[in-house]
Every structure is written in C-alpha cells, then in structure tokens.
Amino acid sequence: MRLTQVVSFPNEEAVKVSYVVARKGATVAMLCTFNRPRGPQGMSPASVPDDNVRARLEKIGALEVSAAPLK
C-alpha cells in the first residue's frame, strides 16, 4: 500500500510525506520518506523508491528463511 500525505503547519509550507506498507509472510514493513519545501528535494513529490521496497522485502525474506525451524 502506498500513501502520500501533505502536512501543513501554521506559518510554514506543507511537508510531503510518503509511506509504503508491505507484507511478506507474517512480517509487515513500513517505509517512510518526506520532503521539506526548503530541503534538497524542494517541492518534488515525496516517494519511497521501488528499489528500496524490493531490497527491504528481499531482506525480510532472507530473515524468515534463516529463522525457520529445522525439520
């Protein structure tokens, strides 16, 4: 699931926040990033790169395999 949120504070510009929630097996992971209007990304949309999501899910899969009980 992807969610992008715009958060406004009084007397400041809006901050864009992006979340990705993914499940692999019994594990749920949440990744988050944000852009400040005056930060290095400026007004561009906040987003979690697909490569980061794939890498995290691969790591979770490897952890689940290593934690599996021996038969």
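Strand β2 (residues 15-24) and strand β3 (residues 27-35) pair in the antiparallel sense over nine bridges. Strands here are DSSP runs of E with at least two residues, helices are runs of H or I with at least four residues, and both are numbered from the N terminus. Two strands count as paired if DSSP finds at least two bridges between them. The model is a predicted one, in which local features need pLDDT of at least 70 and side-chain atom pairs count only at pLDDT 80 or more, while totals for chains, interfaces and linings use all residues. Residues are numbered from 1 along each chain as its sequence is written, and side-chain values use heavy atoms, with hydrogens and water left out.

**Overall layout**

Of the 71 residues in the protein chain, 23% are buried. Buried means under 20% relative accessible area, exposed means over 50%, and partly exposed lies in between (1.4 Å probe, protein chains only). The protein chain exposes about 5,600 Å², and carbon and sulfur atoms supply 57% of that area. These areas come from the Shrake-Rupley method with a 1.4 Å probe, and for residues only the protein chains shown count as cover. A contact is defined by heavy atoms within 4.5 Å. Among contacts between residues at least 6 apart in sequence, 32% join residues at least 24 apart.

**The sheet**

The three strands form an open sheet in the order β1-β2-β3, with antiparallel pairing. β1 (2-7) and β3 stand at the edges with a single partner strand each, so one side of each has no neighbour in the sheet. Direction ignored, neighbouring strands of this sheet are turned by 20 degrees against each other on average. The angle is taken between axes, which are lines fitted to C-alpha atoms (for helices over the stretch in contact); angles run from 0 to 180 degrees between N-to-C directions.

β1 and β2 pair in the antiparallel sense over six bridges. Threonine 4 has serine 18 in β2 as its bridge partner. On the other pairing, lysine 16 stands opposite asparagine 35 in β3, valine 17 stands opposite phenylalanine 34, and alanine 22 stands opposite alanine 29. β2 and β3 form a hairpin with two residues between them, and glycine 25 in the turn has a positive phi of about 65 degrees. Strands of a sheet pair through backbone hydrogen bonds, either parallel or antiparallel.

**Two residues of the sheet**

Serine 18 is found in strand β2. Serine 18 is buried, with a relative accessible area of 3%. Leaving aside neighbours within four places in sequence, serine 18 is in contact with Leu3, Thr4, Leu31, Cys32, Thr33, Ala46, Ser47 and Val48.

Valine 28 is found in strand β3. At 57% relative accessibility, valine 28 counts as exposed. Not counting residues up to four places away in sequence, valine 28 touches Val21, Ala22 and Arg23. Valine 28 and isoleucine 60 are 32 residues apart in sequence, and their C-alpha atoms are 9.2 Å apart in space.

**Salt bridges**

The structure holds two salt bridges. A salt bridge requires a side-chain nitrogen of Lys or Arg within 4 Å of a carboxyl oxygen of Asp or Glu.

| Salt bridge | N to O distance |
|---|---|
| Aspartate 50 and arginine 2 | 2.3 Å |
| Aspartate 51 and arginine 54 | 3.0 Å |

Aspartate 50 lies in helix α1 (residues 50-67) and arginine 2 in strand β1, so this pair ties together parts that are 48 residues apart in sequence. Aspartate 50 is partly exposed, with a relative accessible area of 41%. Arginine 2 is also partly exposed, at 47%.

Aspartate 51 and arginine 54 both lie in helix α1, three residues apart, about one turn of the helix. Aspartate 51 counts as exposed at 55% relative accessibility, while arginine 54 is partly exposed at 47%. Side chains of opposite charge can pair when their charged atoms come close.
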